[in-house]
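Open the model in your viewer and keep the selection tool at hand. The stops below go from the whole chain to single strands and helices.

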Amino acid sequence: MALFGGSESYIGVDIGSSSIKVCELQNEKGRAKLLTYGYLEQKNDLLKAQDPENIQKVADSVKKLCEKSKTTSKKAIGALPSFTVFSSIINLPEMPKKELEAAVEWEAKKFVPMPLEEMILDWKQLENTDKKAPAPAPQETMVTAQNDKNNNQEKKIQAKEEKSLRILLTAAPQKLVTKYMEIFQKAGLEIVSLETEAFALERSLVGHDPSPVMIVDIGASTTSIIITRSSVPIINRSIDLGGESITKTIANSLNILPDRAEQFKRDYGLSLSQEETSQVPKRIEFMISSIVNEIRYVLNLYASQNEGTVEKIVLAGGSSWLPNLPQYLNKVLNLKVFIGDPWARVIYPTDLKPVLQELGPRMAVSVGLAMRQIHT
């Protein structure tokens, strides 16, 4: 539905495994203003399928959704699923900019698990917000000093090494990027940028919060667990478990149709009571336990690599509305847990608040994508 007219705007396009979402935002004096949005339930096998017919089908659906939503812009930002993209933060010694690109590519060969000629490599320098890392042992940098002169020289070398550059390295398969660009072209859109879902989620749900925050995005087929700090996703893991897996487990255990199992899931949710005897909450809890275990693993991983701890978890994705999920996670993890609101820094008509809040977790990626070109 179109809401406002306006000057140049951008469309965030999120192509998921079970739905497509679009959101068009305009820059309103440094703030994002909602122009229109759209949501289409549609399963697709985009990541696995290579045939032109499937690509055309997805492109037609994106085009149809934009037309139905009455988008006005042709400039779009797309998202690559986080689990398809390799990303890592690497440290390099200070060096001239003209040497940095070659150094990054050399380091990428050590970290990227696929041949670089099959990948599209991107990187950017991050602000060094961490404390200086401990200096390397003397044997790693030079022979142990024998006199005061050598001692002074060693200190200078170690001080130089402490001033390292933090580089965010990202690598995406060329074939996947080409596929997405073809979809946007066939849909009649000009692709401004492709980025990972992790950055879009951070932008819409966390913003400028410098503290470490965990985002748990529970989609239809996968769950992504991300830790961001100072606007940068520094840990990103995915597991093959989502809302569809929970529904399927309920359907199989109770011998009912998937549609009825989906309704049971939405009606019952998770139980907070030890006396609960219904099979539905128990089956849901059994499936959610895999997500909880992965959350604990990521929390421990972050704690082992960094100073400080994560204090809150933001939920996103269609399954984040599972009844009692925030309270359940708060109880088992002893952390603040709440459902994220991607509209928190977006201007929109107040009478749309109920429907936008309901759609919010599903729209978090598309909103974050559309915000990319807007300074908020």
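**Before you start.** This is a predicted model: local features need pLDDT of at least 70, side-chain atom pairs count only at pLDDT 80 or more, and totals for chains, interfaces and linings use all residues. Numbering starts from 1 along each chain as its sequence is written, and side-chain values use heavy atoms, with hydrogens and water left out.

**Stop 1: the whole protein.** Select everything. The secondary structure comes to eleven helices and 14 strands. These are DSSP runs numbered from the N terminus: helices are H or I with at least four residues, strands are E with at least two. Of the 376 residues, 48% count as buried. Buried means under 20% relative accessible area, exposed over 50%, and partly exposed in between, with a 1.4 Å probe and protein chains only. Now show contacts, meaning heavy atoms within 4.5 Å. Among contacts with a separation of 6 or more, 70% come from residues 24 or more positions apart.

**Stop 2: the six-stranded sheet.** Select β8, β4, β1, β2, β3 and β14. In that order they form an open sheet with mixed pairing. Two strands pair if DSSP finds at least two bridges between them. The edge strands are β8 (190-196) and β14 (346-347), each pairing on one side only.

Axes here are lines fitted to C-alpha atoms, for helices over the stretch in contact, and angles run from 0 to 180 degrees between N-to-C directions.

Stop 3: Select residues 9-15. How many residues of β1 are buried? Seven of its seven are. Ser 9, Ile 11, Val 13 and Ile 15 point one way, while Tyr 10, Gly 12 and Asp 14 point the other. In a regular strand the side chains alternate between the two faces of the sheet.

Go on to β2 (residues 19-28). Seven bridges join β1 to β2, and the two run antiparallel. A hairpin of three residues links them. Ile 20 in β2 is the bridge partner of Ile 15.

Look next at β4 (residues 75-80). Three bridges join β4 to β1, here in the parallel sense. Val 13 stands opposite Gly 78.

Finish with β3 (residues 31-41). β2 and β3 pair in the antiparallel sense over ten bridges.

**Stop 4: the three-stranded sheet.** Select β5, β7 and β6. They form an open sheet in that order, with antiparallel pairing. β5 (86-93) and β6 (119-126) stand at the edges with a single partner strand each, so one side of each is left without a neighbour in the sheet. Neighbouring strands are turned by 25° against each other on average, direction ignored.

Zoom to β7 (residues 164-173). Eight bridges join β6 to β7. Asp 122 stands opposite Thr 170 in β7. Is Thr 170 buried or exposed? Thr 170 counts as buried, at 18% relative accessibility. Not counting residues up to four places away in sequence, Thr 170 touches Val 85, Phe 86, Ser 87, Ile 120, Leu 121 and Asp 122.

Helix α5 lies across β6 and β7, running at about 70° to β7.

Stop 5: Select β10 (residues 223-229). Seven of its seven residues are buried, so β10 is largely enclosed by the rest of the structure. Thr 223, Ile 225, Ile 227 and Arg 229 point one way; Ser 224, Ile 226 and Thr 228 point the other.

Six bridges join β9 to β10, which run antiparallel. The hairpin between them has four residues. Val 216 has Ile 225 as its bridge partner.

β10 and β11 pair in the antiparallel sense over seven bridges. Arg 229 is the bridge partner of Val 232. In their hairpin, with two residues between the strands, Ser 230 takes a positive phi near 55°.

**Stop 6: helix α11.** Select residues 353-370. Where is the kink in α11 centred? The kink is centred on Pro 361, at about 75°. The bend at a residue is the angle between axes fitted to the seven residues ending there and the seven starting there. Helix α11 spans only 19 Å between its end C-alpha atoms, whereas a straight helix of 18 residues would span 26 Å at 1.5 Å a residue. That expected span is 1.5 Å times one less than the number of residues. In α11, 13 of the 18 residues are buried, so the helix is largely enclosed by the rest of the structure.
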